[in-house]
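Here are some exercises to work through with the model open beside you. Try each task before reading its solution.

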Amino acid sequence: MGRNPVTWLGSPTFPRAAHTALGDTQLRTNLRKATTTIRAKRAEAVAELPDWERLRKAGQTIKDDVLAHLDTYLVRLEEAVTARGGVVHWARDAEEANRIVLDLVRAKGVDEVVKVKSMVTAEIGLNPYLEAAGVRPVETDLAELIVQLGNDRPSHILVPAIHRNRAEIREIFVRGMSEVPSSDDPRELAEAARKHLRRKFLSAKVAISGANFAVAETGSIVVVESEGNGRMCLTLPETLITVMGIEKLVPTWRDLEVFLQLLPRSSTAERMNPYTSVWSGVTPGDGPDEFHLVLLDNGRTAALADEVGRQALRCIRCSACLNVCPVYERTGGQAYGSVYPGPIGAILTPQLVGDMGDEQAASLPYASSLCGACYEVCPVRIDIPEVLTHLRAQAVRARSKRNPEALAMAGAAWMFRDPQRYETAQRIGALARFFAGGDGRIKRLPWPGSKWTDSRDVPEVPRESFRAWWRRHRG
């Protein structure tokens, strides 16, 4: 992991990574099939609700209220969690959050923990951090397990192994598990994973989760999922540690009801999630004996200060924007070099990294055609194209003055400021006509002009400029 684990160490810029991904025909086939299916199902689920647009506006309004009063709601959440027997920890960045979690795990004297699928723990690089300290994290979500056993990187928010087909998954299971599936039939694959994970669930003393939502008024934490593996993690171990981004709050139970309609339809195209787990602190004799909540900033406060960019903090991680994005469908999530792929990753990652001088992060806002499909499906109405163009402007401003483009513009400004320098440049530029072919077009120039002619032709430059012609005829 790099300085900020939200991006992967050594990842190329998006244009370079996308070029490589476009050459992988199997990847493109897998992505096209999966995203087409998810899009169609989501459209059907959304069409069932006549008030869908009102729900979207309600979701937007609630999240904007949370962001405007985040300090108040966070204190209210801490008080409610503490009153119900939980312990709240505050983490400024990824390093601090990882250290808190490791200390809690070590206090229990275990060398293995089970994990609920969590984007935020991936954001802070928790798994490699624990492994380096001698603690093995076991992913229990099926797709996350596939990624982990394959020493792979996730490529989708909702379906991390969307880039893998059934045959590839079976090969990963054969190499990584003692329970070998007899075929690549989905039922066989699921049964093998179920047997593998059951032993982990029954022996685990510590579990780690993320959170979809937290209700400030009651201190309740909410996790929604489709498989039931999360429910096992949240109820069987003695200690539960939840890592949550500070923006995941909703003020009241009534507000939560809005998002429990928006999220399942936008993500899994279901009317409601098969498993919705809610807990408030510790209940003696029911579930874990200890509950720890780690509230993570990691760049969110800085994003909150940006009046345009803060929209990204409304995100409820549904992944609807990925499934409609023509760029994502052709390149896949790994090309983004970030835990958060697709359109939302293109606006969230640069803000969490907090450095538009970072070449890889600064390339992400350009990973879009600005078609607007992402905004149309976003359940909380994040205007992703607006934020993309806003961040592109920041990336341009952040470029070093020694950047070739900046130097070229500075040279042009110097030349345009003086009429004599301008005319001299015109006379020198006219020499380029000697590079023209018989068709009157220049197809190849020496460097730095070759940076232009490598991808386009240049019309032949006239022998005489307009200024010189005017002076000769009218002067």
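**Exercise 1.** Which residue in S3 is the bridge partner of Glu112?

Solution. Before we start, a word on what you are looking at: this is a predicted model, in which local features need pLDDT of at least 70 and side-chain atom pairs count only at pLDDT 80 or more, while totals for chains, interfaces and linings use all residues. Residues are numbered from 1 along each chain as its sequence is written, and side-chain values use heavy atoms, with hydrogens and water left out.

Step 1: find strand S2 at residues 112-115; S2 and S3 pair in the parallel sense over four bridges. Strands here are DSSP runs of E with at least two residues, helices are runs of H or I with at least four, and both are numbered from the N terminus. Two strands pair if DSSP finds at least two bridges between them.

Step 2: start from Glu112 and cross over to S3, where the bridge partner is Arg136.

**Exercise 2.** Work out the strand order of the six-stranded open sheet, and find its edges.

Solution. Step 1: the order reads S1-S10-S7-S4-S2-S3, and the pairing is parallel.

Step 1: strand S1 (87-91) and strand S3 (136-139) are the edge strands, each pairing on one side only.

Step 2: from one strand to the next, the twist averages 25 degrees. Axes are lines fitted to C-alpha atoms (for helices, over the stretch in contact), and angles run from 0 to 180 degrees between N-to-C directions.

**Exercise 3.** Is Ser319 buried or exposed, and what is its phi?

Solution. Step 1: look in the loop between helix H13 (300-304) and helix H14 (320-324) for Ser319.

Step 1: Ser319 counts as buried because its relative accessibility is 3%. The cut-offs are under 20% relative accessible area for buried, over 50% for exposed, and partly exposed in between, with a 1.4 Å probe and protein chains only.

Step 2: setting aside neighbours within four places in sequence, Ser319 is in contact with His156, Ile157 and Leu158.

Step 3: the phi of Ser319 is near 75 degrees, a positive value in a residue other than glycine.

**Exercise 4.** Where is Asn298, and is Asn298 buried or exposed?

Solution. Step 1: Asn298 sits in the loop between strand S10 (290-296) and H13.

Step 1: Asn298 has a relative accessibility of 5%, so Asn298 counts as buried.

Step 2: although Asn298 is not a glycine, its phi is positive, at about 50 degrees.

**Exercise 5.** How many helices and strands does the protein chain have?

Solution. Step 1: the protein chain has 23 helices and 12 strands.

Conventions. Contact means heavy atoms within 4.5 Å.
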